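Please look over the sequence and the model first.

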Amino acid sequence: MNMQNKTIIISGASRGIGRATALLLAQNGANVVATARNADDLKSLETEHANIVGVPGDVASETDMATVVQTALDRFGRIDVVINNAGYGIFKNVDEISVAEWDSVMATNVKGTFVLTKAALPTLKAQGTGHVVVVASDVAKRTFAGGSLYTASKYAQEAFMGALRKEVRPFGIKVTGVYSGLVDSHFHAKGHGHETSKNWLTEGDMAESMLFIVSRPAHVVIDEFMVHPLEQEY
Ligand SMILES: NC(=O)c1ccc[n+]([C@@H]2O[C@H](COP(=O)([O-])OP(=O)(O)OC[C@H]3O[C@@H](n4cnc5c(N)ncnc54)[C@H](OP(=O)(O)O)[C@@H]3O)[C@@H](O)[C@H]2O)c1
């Protein structure tokens, strides 16, 4: 799929779904501005494709995300797609979650999505075109014991997207929510490539999904993209 001359910003690109997506988009011709906190991982990603620029930063930092957006504009002159992918989870019962843990997950998953999207919106509005993607989760729509913190953060992303979609459609800006089930990334406590995750979605499956979502014709918007491994009940 041809992403030539498209500029994509993606958060959480140092590993997992974000890294695989950044690479596949670059391989399909996109200019990619990749951000995450780990500068060494971003440097290593840059060596994989000439179209990738790494900008280290915390997704919840307004200053860092302003730098990410400015880098995209300085290097490529426009922003076509913003993929809010950075995120993580802490899975404990409510009475075991510390306030610091609550604040930290909310800062990355919810505040981070807001901060990066807000930083890019003036450019997207001025262009009269753009696409905001949020990698939420199927648990943006269902709950489970031990998941209060993570699911609350994903439900918050869902609500954020719902309102944003209504605000920005008149400016020609698309909003897509990605709701995936289990993906074999670095997200899970047992780590990447564990025996128990061998039938899960791969990072490559997610990258291909993301490429499909962002490469639709201008008049087509995928509002919601739900994907699961066959072995997982939904
Ligand atoms: N894996 C699954 O089963 C699954 C299912 C549904 C949805 N998701 C969602 O998919 C997204 C990507 O997760 P993944 O599975 O690819 O996990 P992962 O392999 O652990 O990658 C998470 C990425 O987020 C970045 N990140 C975390 N905190 C950050 C912060 N404060 N600022 C900037 N970047 C930050 C990490 O980079 P640094 O540490 O370098 O900052 C890393 O690049 C998340 O939003 C997750 O909730 C995952």
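In what order do the seven strands of the open sheet lie? The order is β3-β2-β1-β4-β5-β6-β9, with parallel pairing; strands (E, at least two residues) and helices (H or I, at least four) are DSSP runs numbered from the N terminus, and two strands pair if DSSP finds at least two bridges between them. The model is predicted: local features need pLDDT of at least 70, side-chain atom pairs count only at pLDDT 80 or more, and totals for chains, interfaces and linings use all residues. Residue numbers start from 1 along each chain as its sequence is written.

- Strands β1 (residues 7-11) and β2 (residues 31-36) run parallel and are joined by five bridges.
- In β2, Ala34 stands opposite Ile10.

**Helix on sheet**
- α4 packs on the sheet and touches β1, β4 (81-84), β5 (130-135) and β6 (173-180); residues are in contact if their C-beta atoms, placed from the backbone, lie within 7 Å.
- The direction of α4 makes about 170° with that of β4, where angles run from 0 to 180 degrees between N-to-C directions and axes are lines fitted to C-alpha atoms, for helices over the stretch in contact.

**Helix on helix**
- Helix α4 (residues 99-127) packs against helix α5 (residues 148-168) at an angle of about 20°, with their axes 9 Å apart.
- Among the residues making this contact are Trp102 and Phe114 of α4, and Tyr150 and Phe160 of α5.

Conventions
Contact = placed C-beta atoms within 7 Å.
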